[in-house]
Amino acid sequence: ILFIFPSAPSHSCWLRNDIAFYVAVVAYFCVIFLFNLIMFVVVMVQLSRIKRQNPHNMQHRSVLQDLRSVAGITFLLGLTWGFAFFAWGPVNVAFMYLFAIFNSLQGFFIFIFHCAVKENVRRQWRTFLCCGRLRLAENSG
């Protein structure tokens, strides 16, 4: 089942049997991707329930904020791996590029969506990390 490359310095191996490859790699990915997709739907349903229950929240929340929430959850759950899973046939190269781009920036997107856009986090940065005129006093708030 495994093919060992003796000429490689680290003696790498590769699955040569297609059935073993699909069971070990593709099936595992399908299970994880399906679980993440289910969690995505559960979180989106909960967010919509919260939004409907609080009429004050409905007035101040825009479509852009909802899209930002969806994008943040998508990157947090790693659903961008779907690009690799669906990279078959004529869209193979395009989806592989999208997969490489989005997954290499996944940590950056998580940082932006869940840290940099929150006012209390920015205030803490200005209190403890900035200097000069940008620095906030510790008791400002």
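Me: What should I know about the model before we start?
Reply: It is a predicted model, in which local features need pLDDT of at least 70 and side-chain atom pairs count only at pLDDT 80 or more, while totals for chains, interfaces and linings use all residues. Residues are numbered from 1 along each chain as its sequence is written, and side-chain values use heavy atoms, with hydrogens and water left out.

Me: How many helices and strands does the protein chain have?
Reply: The protein chain has seven helices and two strands. Helices (H or I, at least four residues) and strands (E, at least two) are DSSP runs, numbered from the N terminus. From the N terminus on, the order is β-β-α-α-α-α-α-α-α.

Me: And what percentage of the residues count as buried?
Reply: Of the 141 residues in the protein chain, 16% count as buried. Buried means under 20% relative accessible area, exposed over 50%, and partly exposed in between (1.4 Å probe, protein chains only).

Me: Let us turn to H3. What is its span?
Reply: Helix H3 (residues 63–77) has 15 residues and reaches 21 Å from its first C-alpha to its last, close to the 21 Å expected at 1.5 Å a residue. The expected span is 1.5 Å times one less than the number of residues.

Me: Which residues of H3 are buried?
Reply: Gly72, Ile73 and Phe75 are buried in H3. They cover an arc of only 165 degrees around the axis, which puts them on the same side of H3. The arc is that of the directions from the helix axis to the C-beta atoms. The face turned away from the buried side of H3 carries the exposed residues Val63 and Leu67.

Me: What do the buried residues of H3 pack against?
Reply: They pack against helix H1 (18–53), helix H5 (92–104) and helix H6 (106–116). Just after H3, Gly78 takes a positive phi of about 75 degrees.

Me: Which residues of H6 are buried, then?
Reply: Gln106, Phe109, Phe113 and Ala116 are the buried residues of H6. They pack against H3, H5 and helix H7 (119–128).

Me: Why does Gln106 count as buried?
Reply: Gln106 counts as buried because its relative accessible area is 19%. Leaving aside neighbours within four places in sequence, Gln106 is in contact (heavy atoms within 4.5 Å) with Phe75, Leu76 and Gly78.

Me: What about His114: which residues is it in contact with?
Reply: With neighbours within four places in sequence left aside, His114 is in contact with Gly72 and Leu76. The C-alpha atoms of His114 and Leu76 are separated by 9.3 Å, although these residues are 38 residues apart along the chain. His114 lies in helix H6 and counts as partly exposed, at 31% relative accessibility.

Me: New topic. How much space lies in the largest pocket?
Reply: The largest pocket holds about 300 Å³ of space. Of the 17 residues that line it, Val25, Phe29, Trp81, Ala84 and Phe85 are the closest to its centre. On a 1 Å grid over the protein atoms alone, a pocket is an open set of points with protein on both sides within 12 Å along at least five of seven lines, and lining residues have an atom within 4 Å of a point.

Me: Which element gives the largest share of the lining?
Reply: H1 gives the largest share of the lining of the largest pocket, eight residues. The elements that give two or more residues are H1 and helix H4 (82–85).

Technical notes. 1 Å grid on protein atoms, 1.4 Å probe; cavity = no way out; pocket = protein on both sides within 12 Å on 5 of 7 lines; lining within 4 Å. Points joined across faces, edges and corners; volume = space filled by probe spheres on them.
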